[in-house]
Amino acid sequence: MTLLITIFAAITVTLIWYKKAPDNSMRLGMLSLMFWGASLMWLIDAVFEYAELGAEFFTPAGEDMLNDSYLGLCVVALGLIIWLVYLFIKDPKGIIKKTLSGNRA
Amino acid sequence: MACFIVPGTEAIVTTIVTGVVKKKEKEAEGKTSTETAPLNENGKVRFSTKLGWLNNMLWGGSALLAFEHVWHGEVIPTFPFLTAVKNGEVADMLGEMSTAGVAMALLVTAVWGGMLVVSSVIEKRSAESKEAES
């Protein structure tokens, strides 16, 4: 479920990035690549787990699935927080700078 | 256990390489600005920008995977920071790093390689169509 939730997050952000392109002022490319990187890494984890468990891999216990879903949502939230911090530090539109200097346009 | 350390280490190396490449690109173009445009004078994507794609995938993936390890109690806030080391399962941990960890780093790098091929083909086609127009 963690892999699935991260893949859906990656696809959603990639579609938004594509719609906004070539304007990358919101740094959505960075967010989508971050989710894709994590998805690829969890895919390897899933392959290793499948090699170990076989078909049982596709029938997880309800409690495990719930915990994995909760983890997936937390991972997406953490990814969004990292992106937000990066966006505020880079401040491509200069909004933070303007706000802090009290020079609102 | 600690598979995220392998792509994390690769991320450190590629970030250093990106810095060096960026500096060389700036020197070659004779610019003093700290912020470089993603495209060079020929309208092609700079190699440092392409390395940035790999950095984003490696850093992002490693950070989110590290969080997953904290969630499962495999990474702890106190020394030695890894449960496997604390429990004397170093051999198992190294085994997992050399299989799953290396596979993760290789897959991300291979996907990035695919992105480079696709962007190169698009750039070539774009250059050809521009030549045909002029």
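Biologist: Which helix of chain A gives the largest share of the nonpolar patch?

Modeller: This is a predicted model. In it, A:Met1, A:Leu4, A:Phe8, A:Ile11, A:Leu15, A:Trp36 and A:Met65 form a nonpolar patch on the surface. Together they have about 650 Å² of accessible area. Four residues, the largest share, come from helix H1 (residues 2–20).

Biologist: Is A:Met1 buried, partly exposed or exposed?

Modeller: A:Met1 sits in the segment before H1 of chain A. Its relative accessible area is 38%. Buried means under 20% and exposed over 50%, so A:Met1 is partly exposed.

Biologist: Which element gives the most to the lining of the second largest pocket?

Modeller: That pocket has a volume of about 960 Å³. Among its 30 lining residues, A:Asp45, A:Ala46, A:Glu49, A:Phe57 and A:Asp68 are the closest to the centre. By class, the lining has 16 nonpolar, five polar and nine charged residues. The top contributor, with seven residues, is H2(A).

Biologist: Is A:Asp91 buried or exposed?

Modeller: A:Asp91 lies in the loop between H3 and helix H4 (95–100) of chain A. Its phi is positive, about 45°, although it is not a glycine. The relative accessible area is 16%. The cut-off for buried is under 20%, so A:Asp91 is buried.

Note on methods:
Residues numbered from 1 in each chain as written. Chains lettered and ligands numbered in written order. Predicted model: local features only at pLDDT ≥ 70, side-chain atom pairs only at ≥ 80, totals over all residues. Heavy atoms only, no water. Patch = residues over 30% accessible without salt bridge, like charges linked within 9 Å, V, L, I, M, F, W, Y side chains within 5 Å. Areas by Shrake-Rupley, 256 points an atom, 1.4 Å probe, with all protein chains shown as cover. Salt bridge = Lys/Arg side-chain N within 4 Å of Asp/Glu carboxyl O. Helix = DSSP H or I, 4+ residues; strand = E, 2+ residues; numbered from the N terminus. Buried < 20%, exposed > 50% of the residue type's maximum accessible area, 1.4 Å probe, protein only. 1 Å grid on protein atoms, 1.4 Å probe; cavity = no way out; pocket = protein on both sides within 12 Å on 5 of 7 lines; lining within 4 Å. Points joined across faces, edges and corners; volume = space filled by probe spheres on them. Nonpolar A, V, L, I, M, F, W, Y, C, P; charged D, E, K, R; others polar.
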